[in-house]
Amino acid sequence: MKKSLVAIAALTAATGAFAQSSSVTLFGVLDASVARMSSSTNSITGLSSGGQSSSRLGFRGTEDLGGGLKAGFWLEGGLAVDNGTSSAFKFDRRSTVSLSGNFGEVRLGRDKSPAYLNIEAFDPFGDAGVGGNGGSNLVDSKADGTPEGSAPKRASNGVNYLLPKMGGFYGQAQYAFGEKPSNQANDTQGNSMALRLGYAAGALNVALGLGTVRGGPATDGVNYKSTNIGASYNLGMVKPMVLFATERGNGRRVDLFGLGATVPLGQGELRVAYNNFKRKDVADADSQKFAIGYGYNLSKRSQVYGTVARVSNDGAAKRGLAVSSSSLASPTIANGDNVTGYEVGFRHTF
């Protein structure tokens with residue numbers, strides 16, 4: 001009897017230890033706003049999803065393997081709160097399995113491109129809603145032969161390596177397979193590489209991002225290259241930030257220069273940003289964008305917010321607003337049109 005009790009106790013203890021070494025978390029963001037976007041041609045008014053943060057639903061978990069090793073997974077899909085459609089079970093935002101330890105982390109699957117991370121990190125609006133800088137795919141969001149554009153936010157079929165903690169230094173490298181057959185003339189079509197190296201300590205954060213995507217038709221390749229560098233410094237009363245990004249490929253080049261700041265104000269945060277887009281291959285095709293917004297925290301997980309943005313286009317430019325929700329159409333934009341956007345919304349995280 002005593003042996004049975006001891007065995008049961010030992011099994012219970014082992015089960016408890018296993019439970020403590022593993023964890024699975026359900027998480028998400030629900031963000032909806034009333035938005036209006038107008039150009040010199042026409043306007044669109046409706047409900048948008050993701051004005052402050054992209055709406056999403058996900059699952060993540062870790063298991064302690066012992067000896068400093070951990071296994072992990074992350075599945076995350078987008079949501080459109082305005083109409084109830086969901087890609088959550090496609091897990092198109094992130095789908096990775098990983099192994100981490102003192103050596104850093106090896107992560108396999110679909111994930112954000114390291115070259116893109118500076119675009120959102122050094123934008124006061126996090127590249128979301130009408131205020132976001134729209135700094136990805138500056139050359140062409142539908143570049144021929146590329147999976148998701150000339151400098152995409154995410155890459156599928158990726159092998160990622162993340163540096164371990166090294167003081168204030170951080171970094172990530174990614175190689176993503178285009179998975180084309182070897183007898184295709186442009187057999188590296190769709191392949192991509194990206195790198196990010198940065199330093200964050202105290203109030204300072206600075207990082208460099210590099211990326212390249214192989215595009216073009218199956219018979220002939222085109223390389224799209226992107227470079228960006230950003231920095232921020234938290235002064236307490238204000239956190240200024242700066243971003244420079246450039247892309248080139250297929251005879252085109254676009255530069256982005258951004259200035260911004262976040263300011264703690266009352267029970268929330270004021271956000272201000274200015275972005276200048278310059279076409280180097282076409283004359284009279286530059287754009288300027290100014291955005292200002294405020295988020296008021298009702299709690300640690302709930303926020304109401306408002307944003308106003310304005311894009312001024314030169315005669316040969318027709319840049320619009322970087323609205324997160326694909327379910328709200330953009331207004332028609334002709335060359336030289338000015339574009340204005342307003343957004344008032346509510347965000348809840350869990």
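View 1. Is Ser 53 buried or exposed? Ser 53 counts as buried because its relative accessible area is 17%, and the cut-off for a buried residue is under 20%. Leaving aside residues up to four places away in sequence, Ser 53 touches Val 29, Asp 31, Ala 128 and Arg 347. With one of these, Arg 347, the side chain of Ser 53 makes a polar contact through the side chain of that residue, at 2.9 Å.

**View 2. The largest cavity.** The model holds two cavities of 30 Å³ or more, and the largest cavity contains about 180 Å³ of space. Its lining is made by 24 residues, and those that lie nearest the centre of the largest cavity are Ser 113, Ala 115, Ala 151, Pro 152 and Ser 226. Strands S9 (192-201), S10 (204-215), S11 (222-233) and S12 (239-249) each supply at least two residues of this lining. Sorted by class, the lining of the largest cavity comprises 11 nonpolar residues, 12 polar residues and one charged residue.

**View 3. The second largest cavity.** About 50 Å³ of space lies in the second largest cavity. The residues that line it include Phe 122, Asp 123, Pro 124 and Asn 133, together with Gly 258, Leu 259, Gly 260, Ala 273, Tyr 274 and Asn 275. At least two lining residues come from strand S13 (252-265), and at least two from strand S14 (268-279). The lining of the second largest cavity has six nonpolar residues, four polar residues and one charged residue.

**View 4. The second largest pocket.** Strand S6 (104-112) and strand S8 (169-176) each supply at least two residues of the lining, and S6 gives the most, with five residues. By class, the lining of the second largest pocket is divided into six nonpolar, four polar and six charged residues.

**View 5. Confidence along the chain.** The mean pLDDT of the protein is 92, and 92% of its residues reach 70 or more. Over residues 1-19, however, the pLDDT is below 50, and this stretch has one contact in the model beyond near neighbours in sequence. Where pLDDT is low, the predicted coordinates should not be read in detail.

Technical notes:
Residues numbered from 1 in each chain as written. Predicted model: local features only at pLDDT ≥ 70, side-chain atom pairs only at ≥ 80, totals over all residues. Heavy atoms only, no water. pLDDT = per-residue confidence, 0-100. Contact = heavy atoms within 4.5 Å. Buried < 20%, exposed > 50% of the residue type's maximum accessible area, 1.4 Å probe, protein only. Polar contact = N/O pair within 3.5 Å; in protein donor to acceptor, adjacent residues only side chain to side chain. 1 Å grid on protein atoms, 1.4 Å probe; cavity = no way out; pocket = protein on both sides within 12 Å on 5 of 7 lines; lining within 4 Å. Points joined across faces, edges and corners; volume = space filled by probe spheres on them. Helix = DSSP H or I, 4+ residues; strand = E, 2+ residues; numbered from the N terminus. Nonpolar A, V, L, I, M, F, W, Y, C, P; charged D, E, K, R; others polar.
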